[in-house]
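User: Hi, I have a protein model open and would like to go through it slowly with you. Could you help me read it?

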Amino acid sequence: MLASTKDPLQYTALHYDSEFNGLPVDQGQGPLIARHLGLLEDLLQRARNAHDNSLAVRFDLHCPNTIAISATLNQGNGLVSLFWSNLYEQLFNAQPAAPFDLHFAWTREHDPHTGQATYKALILLNARAFHGLYSNEQAQDIGKSDSLAGCILRAWAKSLRISDPPPPELVSFPTDPLSGKTQVMLLNRYDHNAWRELFTQSSSLCKYEGKPLGRVFCAFRTSNRQ
């Protein structure tokens with residue numbers, strides 16, 4: 001079922017059903033934005049077709065509540081665009097064993113009480129390049145490691161112009177409420193159920209609540225560039 005709500009600059013079709021194009025969604029997030037779900041579905045299909053095995057990671061980029069950062073956020077999405085550029089550089093410098101072939105989606109959300117912005121992201125990479133976030137040996141000092149988590153943390157710190165060592169609280173990795181484990185998935189191209197589960201988990205990026213729609217910046221985008 002779709003409904004429309006009027007934003008300052010556009011109509012946004014909202015999705016309320018338990019499935020989108022036959023894929024289950026997270027209804028606990030409230031209404032979802034149909035166009036964003038379509039972009040997410042396309043992103044996952046492209047990543048699935050790219051490699052036999054993919055690594056999927058969810059993380060949140062936290063914006064320090066400073067005058068300089070607030071001014072940058074008010075000007076548009078330059079900050080998150082800079083992050084993706086820096087992340088490409090960090091991943092390349094980590095010298096992975098295979099091309100990492102990054103696919104991503106991000107959304108910008110604002111806390112309804114404080115107005116503070118957070119970028120929530122999903123990345124998918126070639127699992128031959130990165131097998132996980134970090135190893136046990138790298139856990140002691142993630143910010144200096146060549147791990148995937150270290151690359152993400154340094155890329156965001158560089159975007160914020162925060163010098164080394166980057167404080168780990170700049171980036172958080174959501175955990176499964178039941179297992180307590182970080183939401184990282186290794187997916188085989190032919191495991192249909194795993195990709196359905198990833199779509200369900202990632203559909204929270206498409207929720208309507210908290211998105212600053214109708215302003216001078218995007219609230220959702222994928223590497224599909226659509």
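User: To start, what pLDDT does the chain average, and what share of the residues score at least 70?

Analyst: The chain averages a pLDDT of 87, and 86% of the residues score at least 70, where pLDDT is the predictor's confidence in each residue, from 0 to 100. This is a predicted model, in which local features need pLDDT of at least 70 and side-chain atom pairs count only at pLDDT 80 or more, while totals for chains, interfaces and linings use all residues. Residues are numbered from 1 along each chain as its sequence is written, and side-chain values use heavy atoms, with hydrogens and water left out.

User: Where does pLDDT stay under 50?

Analyst: That happens over residues 1–11, for which the model has 28 contacts beyond four places in sequence, a contact being heavy atoms within 4.5 Å.

User: OK, and the overall make-up? How many helices and strands are there?

Analyst: The secondary structure comes to five helices and eleven strands, which are DSSP runs numbered from the N terminus, with helices being H or I of at least four residues and strands being E of at least two. Among contacts between residues at least 6 apart in sequence, 66% join residues at least 24 apart.

User: How much of the chain is buried?

Analyst: Buried residues make up 46% of the 226 residues in the chain. Buried means under 20% relative accessible area, exposed means over 50%, and partly exposed is in between, using a 1.4 Å probe and protein chains only.

User: Let's look at helices. How do α1 and α5 cross?

Analyst: The axes of α1 (residues 34–50) and α5 (residues 192–202) come within 11 Å and cross at roughly 145 degrees; axes are lines fitted to C-alpha atoms, for helices over the stretch in contact, and angles run from 0 to 180 degrees between N-to-C directions.

User: Which residues meet there?

Analyst: From α1 there are L37, L40, E41, L44, A47 and R48, and they meet H192, W195, L198, F199 and S202 in α5. The residues of this contact divide into seven nonpolar, two polar and two charged, where Ala, Val, Leu, Ile, Met, Phe, Trp, Tyr, Cys and Pro count as nonpolar, Asp, Glu, Lys and Arg as charged, and the others, Gly among them, as polar.

User: I also clicked on Y190. What does it touch?

Analyst: Leaving aside residues up to four places away in sequence, Y190 touches R48 and D52. Y190 sits in the loop between β10 (184–188) and α5, and it is exposed, with a relative accessible area of 63%. Y190 and R48 are 142 residues apart in sequence, yet their C-alpha atoms are 8.6 Å apart in space.
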